[in-house]
Structures are given as C-alpha cells and as structure tokens.
Amino acid sequence: MMLRQGLHLVRKLYRDGFKLTGLAGRQSLGQAQLPAPQPDRALTVSSWPFSSPPRDYSLPNESWTPEMQRLYDHYSALCEAETEEEKKRGPWRRLPSYNRTLKYATGGRCLSKVLQAKARLFTRNIEEPGASFEYVVFLNKQEKSCVCVFQAGHLLEGPPGHVHGGAIATIIDSVTGTLATYLSGPVMTANLNINYRSPIPLGSVVLVHSALEKVEGRKTSISCRVTSSDGGKLHTDATGLFVSINVGHLFGA
Ligand SMILES: CCCCCCCC/C=C\CCCCCCCC(=O)SCCNC(=O)CCNC(=O)[C@H](O)C(C)(C)COP(=O)(O)OP(=O)(O)OC[C@H]1O[C@@H](n2cnc3c(N)ncnc32)[C@H](O)[C@@H]1OP(=O)(O)O
C-alpha cells in the first residue's frame with residue numbers, strides 16, 4: 001500500500017514537472033521511463049502531500065552576507081519572467097528548495113512511518129539560518145548549466161576556519177545531481193570525482209558552476225567548478241556520473 005502511494009506521488013511529481021521540488025520541468029535527454037513531462041503545469045497546493053505549506057529555503061534570509069545577497073540579486077535580474085506581464089530578462093531560473101522531498105520516497109518500504117515523518121533533505125536539515133548550507137541554484141535551460149551561490153556556515157567546519165571536504169562534496173553532489181535530474185529525469189549518483197584545489201574559508205560565499213558534458217544512454221555526465229565569488233580563485237573541480245533509474249529502484253521494486 002505504502003509502496004503504491006509512494007510510486008504514485010513520485011510519478012505525479014515527475015509528470016507535473018517537479019515545480020514543488022525545485023526542478024523546473026523535465027526535458028529528458030536520456031531514456032524516457034515515465035510519462036512525458038508537462039513543464040507549464042505547476043502543482044497546485046492541494047497536491048502537496050504535507051499538512052503545512054512548504055518553506056522555500058532558497059530565498060534570502062537574515063544570515064545572508066551582502067556578497068550572497070549581491071549574487072542572488074545579480075542572477076535574479078537575469079531570470080525569466082514569472083508572469084505574463086513581466087518582461088523577459090534572461091535565460092536563468094531560480095529553483096525553489098524544500099527540506100522534504102517526498103513523504104514516501106525516503107528509503108523505501110523498510111522505513112517506519114516515524115522515520116518517514118522525520119526524514120529531511122540533508123542540505124536543509126538545520127533550521128538555524130546561516131548555520132550550515134545556505135544556497136540558491138539558478139538554472140540556465142539554454143546552456144544546460146546551472147550556478148549555485150553557496151554560503152558555508154559555521155557547522156560545516158573541517159580544517160580550522162575552513163569548510164569540510166565532505167560538505168564540499170555534498171554541495172557538489174546536490175548541484176550536479178539537480179542539473180542531471182532536470183536534464184535526464186530520475187537519476188542517482190554513480191560516481192563523483194573531486195579535486196580539492198584550495199581551501200574554502202568558513203563563512204565565505206562561493207559559486208558552484210555545473211554544466212552538462214554528455215548524455216550516453218542512461219548515463220549523464222556533469223562537470224563542476226567551485227570558485228571564489230569573483231571567479232578569480234578555483235577551489236574545487238569535479239565530475240559526476242548520473243545513471244537514469246526507474247523510480248521503483250528507490251522502493252526496492
Ligand atoms: C530519483 C531521485 C528523486 C529524488 C527527488 C529529487 C528531489 C530534488 C530535490 C533536491 C535535489 C537534491 C539533489 C540531491 C542529489 C543527490 C544524489 C545522490 O546522492 S544519490 C545517492 C548516492 N548514490 C547511490 O546511492 C547510488 C547507488 N548505486 C546504484 O543505485 C546503482 O549502482 C546505479 C543506479 C547507479 C546503477 O545501477 P544499474 O543497475 O541501474 O545500472 P548499471 O548497469 O550498473 O550501470 C548503468 C551504466 O552506468 C555505468 N556505471 C554504473 N556505475 C558506474 C560507476 N560507478 N562508474 C562508472 N560507470 C558506472 C555502467 O557501466 C553502465 O554503463 P553502460 O550502459 O554499460 O555503458
């Protein structure tokens with residue numbers, strides 16, 4: 001029963017273009033496993049499977065530094081118009097971000113209801129603004145790329161005063177995984193290869209640039225570069241391999 005409900009919700013989200021999960025309309029380049037997306041249809045609030053409306057974590061909050069806000073404003077000004085009256089400004093689109101994905105997609109039928117209710121997206125599971133991952137992703141449909149403005153909070157410390165390598169890997173996996181999902185539909189990370197070139201100071205704002213390299217059958221390859229906010233310093237470069245899955249994979253089907 002739970003499995004059926006879970007699959008139904010996942011399929012509905014993919015069909016409706018992922019508007020509520022931060023993935024704006026699927027344009028599958030890889031193997032089609034689900035019904036064709038309808039990118040212009042937004043999910044209505046009644047489709048949201050939880051009792052309260054979701055909080056969009058990718059909007060500015062009081063913890064954002066002036067640099068974070070400046071970059072947010074910069075890319076927002078280049079975003080597509082959201083209403084018909086608004087003038088089109090550019091090819092970018094801000095992806096909203098929520099701390100829950102799907103009530104039943106948190107690990108399959110082995111999870112208890114208690115665990116399902118408590119499950120939270122790893123990068124959004126600390127409520128204190130600015131404490132861990134503050135980020136916003138902008139997608140460029142034309143270039144099949146995205147940029148993430150990322151402010152690393154004090155709970156992400158690794159070497160004294162600098163960001164933990166696992167936290168850097170997490171944000172890279174999330175950003176490249178989001179781009180791969182947007183381009184190819186449901187995927188999972190099969191391989192992530194990371195070169196740490198220079199340490200990232202805690203509290204600083206960096207840019208995580210991701211771009212499509214190639215799609216080969218079920219495999220989507222994405223490249224990634226983490227730079228200082230002015231682009232002058234390379235902190236990290238990476239490549240990610242994402243394999244298209246049937247969503248039943250997540251439920252042990
Ligand atoms: C559906 C998702 C929905 C989520 C909701 C989204 C909401 C969005 C909200 C917020 C965005 C946040 C975004 C976060 C993103 C995070 C993503 C993760 O961290 S995912 C967790 C870590 N990854 C795993 O746990 C995978 C574990 N591995 C597997 O499950 C399998 O190994 C899998 C699916 C990757 C592949 O298994 P096979 O059986 O389906 O396919 P085979 O035949 O093995 O491989 C297919 C092809 O890929 C190559 N391949 C597979 N693994 C490879 C590897 N490690 N290196 C190189 N090639 C590999 C193979 O050689 C094959 O290639 P040839 O077709 O023959 O050319």
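What share of the 253 residues of the protein counts as buried? I looked this up before anything else. The figure is 32%. I took buried as 20 or more other C-beta atoms within 10 Å of a residue's own, exposed as 12 or fewer, and partly exposed as in between, with C-beta atoms placed from the backbone.

**Ground rules.** I am working from a predicted model, where local features need pLDDT of at least 70, side-chain atom pairs count only at pLDDT 80 or more, and totals for chains, interfaces and linings use all residues. I number residues from 1 along each chain as its sequence is written.

**Confidence.** I checked pLDDT, the predictor's confidence in each residue from 0 to 100. The protein averages 81, and 72% of the residues score at least 70. Residues 1-46 stay under 50. For that stretch I note 96 contacts beyond four places in sequence; a contact means C-beta atoms, placed from the backbone, within 7 Å. The model scores are ipTM 0.94 and pTM 0.83.

**Fold.** I find 4 helices and 7 strands. These are DSSP runs numbered from the N terminus, helices being H or I with at least four residues and strands E with at least two. The order from the N terminus is α-α-β-α-β-β-α-β-β-β-β. Of the contacts with a separation of 6 or more, 66% join residues 24 or more positions apart.

**Helix α4.** I followed α4 over residues 165-184. Its 20 residues reach 27 Å from first C-alpha to last, close to the expected 28 Å. That expectation is 1.5 Å times one less than the number of residues. I find 14 of the 20 residues buried, so α4 is largely enclosed by the rest of the structure. Glycine 185 follows α4 with a positive phi, near 80°.

**Ligand shell.** I find 22 residues surrounding the ligand; near means a C-beta atom, placed from the backbone, within 6 Å. The closest are Gly177, Pro186, Ala190, Asn191 and Val243. Which element gives the largest share of the shell? It is α4, with 5 residues. α4, β4 (187-196) and β7 (234-244) each supply at least two. I sort the shell into 9 nonpolar, 10 polar and 3 charged residues. Here Ala, Val, Leu, Ile, Met, Phe, Trp, Tyr, Cys and Pro count as nonpolar, Asp, Glu, Lys and Arg as charged, and the others, Gly among them, as polar.

**Record.** I see that UniProt, in an unreviewed entry, places "domain: Thioesterase" at residues 161-233. Its positions are in the numbering used here, feature names are shortened, and annotations may be inferred rather than shown by experiment. The end C-alpha atoms of this span lie 18 Å apart. I read it as 27% helix and 44% strand.

**Lysine 144.** I looked at the loop between β2 (133-140) and β3 (145-152), where lysine 144 lies. Lysine 144 has a positive phi of about 50° although it is not a glycine. Most residues other than glycine have a negative phi. With 18 C-beta neighbours inside 10 Å, lysine 144 is partly exposed.

**Alanine 211.** I find alanine 211 in strand β5 (residues 205-216). Leaving out residues up to four places away in sequence, alanine 211 touches Lys144, Ser145, Ile222 and Ser223. Leucine 179 is 32 residues from alanine 211 in sequence and 7.8 Å away, C-alpha to C-alpha. Is alanine 211 buried or partly exposed? I count 17 other C-beta atoms within 10 Å, so alanine 211 is partly exposed.

Terms used
Contact = placed C-beta atoms within 7 Å.
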